[in-house]
Each structure stands twice: as C-alpha cells, then as structure tokens.
Amino acid sequence: MTPQGRRLPAPAAGRYRETRRHRTAVFFGGVVPASPDEERLAEEVGMALAGAGFALWHGGYNGLMEAAARGAASKGGTVTAVTLADKHDKWGAFNPHVTADVRLPDIGARLNHYLDNADLVVAMGGGVGTLHELTAAIYYAGNIRPVPVWITGPTALGLLAFLQREKWLFETETRPLDFLSPIACAAAFATQLHDLSDPREADA
C-alpha cells in the first residue's frame with residue numbers, strides 16, 4: 001500500500017524491466033542485528049544504494065531491514081516492503097521508512113518477485129528466513145539469471161566461508177560463482193557499487 005492507502009500492483013517481469021526508472025536492489029537482513037556495528041553497516045549500505053539511484057526492496061520490518069531503509073530514506077530513496085499477505089498482521093507494522101508495499105500469497109511468489117526483478121541482491125546476517133533468502137538468491141543467480149549477489153557484514157561473511165569450506169557452495173567450469181561478491185566493509189561496498197555499471201548506460 002502507498003501512504004495514501006492505494007495498493008500497488010505486482011509488476012509483470014518483462015514490462016517492469018522496460019519501464020521502471022530505478023534499478024532495484026533487494027536487501028536480505030534479519031530483524032535482530034548481531035551488533036550495533038552490523039546495524040550501522042546496514043544503514044550505510046542503504047545510503048550507498050539510494051545515492052547510486054537504486055530503489056530498495058526488503059521485507060519491510062525492523063532490525064537490519066529498518067537500518068537499510070533508514071539509510072536509503074536519508075538519501076531520498078524509495079523503500080518497498082515485499083511481504084506475505086496473510087502474515088502482515090501477525091508480523092506487525094512496517095518500519096517508518098517504507099514508501100510502498102507488495103503483498104504476495106506465499107513464500108515462493110515472494111522470492112520469485114524479489115529475484116526476477118532484482119538488479120542487485122545484498123545479503124547480511126539474520127535468522128533462518130534470511131538464510132533461506134540468501135541461499136535462494138545464490139541458487140537463482142547460479143542457475144537462472146546471473147544477478148549480482150553481494151554478501152557483507154561479519155555474520156553473512158562467516159556463513160559464506162562455512163558454505164565454501166564444507167563444500168555446500170563450490171565453483172565448477174559449468175557453474176561459475178562470478179556473480180557472488182564478499183564485501184568486507186562499507187567503504188568497499190561503496191567502491192564496488194560505484195564500479196557496477198548500468199547496462200543501459202553502457203549501451204548509450
């Protein structure tokens with residue numbers, strides 16, 4: 001819903017890509033930050049994304065999601081909450097920085113909506129819901145469409161190291177991981193974001 005109470009339609013994948021004004025960054029992060037430093041990092045990520053012209057999509061609730069939304073809002077960015085229609089009342093109000101929302105019927109529809117429309121996925125720490133989102137994004141980028149997946153913050157970077165160490169995640173000639181980027185800090189995130197070219201600009 002918009003602040004005026006008008007529900008926004010879920011965009012069709014093809015037409016949406018041709019007509020939207022902003023690139024979309026999907027942010028996956030949990031409701032309980034591992035530390036104040038991680039919460040601050042999420043805010044800086046949101047600021048960098050909005051400053052680079054990305055619209056922020058996330059779950060809409062608190063914790064790292066709210067921190068990223070606060071950062072995006074501080075730079076004039078838009079923040080869309082993508083949630084489950086039958087869970088919103090149970091999960092509570094969206095954070096105050098949300099400017100629009102999309103409510104979908106099930107987890108599969110929600111993940112597909114995120115990933116089919118993402119120009120960039122950013123993942124930080126969280127609970128099993130964030131773990132599900134992150135692993136779905138990695139599978140999607142490795143098998144469906146190579147959308148960039150950036151992992152930042154000590155919690156998510158620790159998870160990535162575990163997945164690689166235990167061979168849950170590995171690279172082969174037919175399954176490259178060049179879409180996946182571990183990013184150590186806010187400064188490195190800003191630098192990599194600056195270097196991320198917009199295909200529309202490259203074709204101009």
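The chain averages a pLDDT of 86, and 86% of the residues score at least 70. Keep in mind that this is a predicted model.

Over residues 1–20, pLDDT stays under 50. The model has 30 contacts beyond four places in sequence for that stretch. Residues 199–204 also stay under 50. For residues 199–204 the model has three contacts beyond four places in sequence.

Now the aromatic rings. How many aromatic pairs does the structure hold? Four. I will take two of them in turn.

Tyr61 and Phe94 form a tilted pair. Their centres are 5.3 Å apart, with 45° between the planes. Where do the two residues sit? Both are in loops. Tyr61 is in the loop between strand 2 (54–58) and helix 3 (64–74). Phe94 is in the loop between helix 4 (88–91) and strand 4 (100–104). They are 33 residues apart, and the pair links distant parts of the chain.

Are these two rings buried or exposed? Tyr61 has 8% relative accessibility, so it counts as buried. Phe94 has 18%, and the cut-off for buried is under 20%, so Phe94 counts as buried too. Ring pairs link Tyr61, Trp91 and Phe94 into a cluster.

Next, Trp150 and Phe189. This pair is edge-to-face. The rings are 5.3 Å centre to centre, with 85° between the planes. Why does this pair tie together separate parts of the chain? Because Trp150 lies in strand 6 (residues 149–152) and Phe189 in helix 8 (residues 186–195), parts that are 39 residues apart in sequence. Trp150 is buried, and Phe189 is buried as well.

Ser181 is found in strand 7 (residues 180–183). Which residues does Ser181 touch, leaving out those up to four places away in sequence? Val149, Trp150, Ile151 and Gln192. At 16% relative accessibility, Ser181 counts as buried. One distance to note: Ser181 and Leu157 are 10.0 Å apart in space, C-alpha to C-alpha. In sequence, Ser181 and Leu157 are 24 residues apart.

Over to Thr80. Thr80 sits in strand 3 (residues 79–84). Its relative accessibility is 11%, so Thr80 counts as buried. What does Thr80 touch beyond four places in sequence? Leu56, Trp57 and His58 are among its contacts. Ala100, Asp101 and Val102 are touched as well.

Last topic, the largest pocket. Its volume is about 470 Å³. How many residues line the largest pocket? There are 24. Met65, Arg110, Gly129, Thr130 and Glu133 lie nearest its centre.

Which elements give two or more residues to this lining? Strand 1 (23–28), helix 5 (107–117) and helix 6 (128–143). Helix 6 gives the largest share, five residues. By class, the lining has twelve nonpolar, ten polar and two charged residues.

To recap. Tyr61, Trp91 and Phe94 are linked in a ring cluster. Thr80 is a buried residue in strand 3. Helix 6 provides the largest share of the lining of the largest pocket. And pLDDT stays under 50 over residues 1–20 and over residues 199–204.

How values were computed:
Residues are numbered from 1 along each chain as its sequence is written. This is a predicted model: local features need pLDDT of at least 70, side-chain atom pairs count only at pLDDT 80 or more; totals for chains, interfaces and linings use all residues. Side-chain values use heavy atoms; hydrogens and water are left out. Rings of Phe, Tyr and Trp (its six-membered ring) pair if their centres lie within 6.5 Å; planes under 30 degrees apart count as stacked, over 60 as edge-to-face and the rest as tilted. Helices (H or I, at least four residues) and strands (E, at least two) are DSSP runs, numbered from the N terminus. Buried means under 20% relative accessible area, exposed over 50%, partly exposed in between (1.4 Å probe, protein chains only). Contact means heavy atoms within 4.5 Å. On a 1 Å grid over the protein atoms alone, a cavity is a set of points where a 1.4 Å probe fits but cannot get out, and a pocket is an open set with protein on both sides within 12 Å along at least five of seven lines; lining residues have an atom within 4 Å of a point. Grid points are joined across faces, edges and corners, and a volume is the space filled by probe spheres set on the points. Ala, Val, Leu, Ile, Met, Phe, Trp, Tyr, Cys and Pro count as nonpolar, Asp, Glu, Lys and Arg as charged, and the others, Gly among them, as polar. pLDDT is the predictor's confidence in each residue, from 0 to 100.
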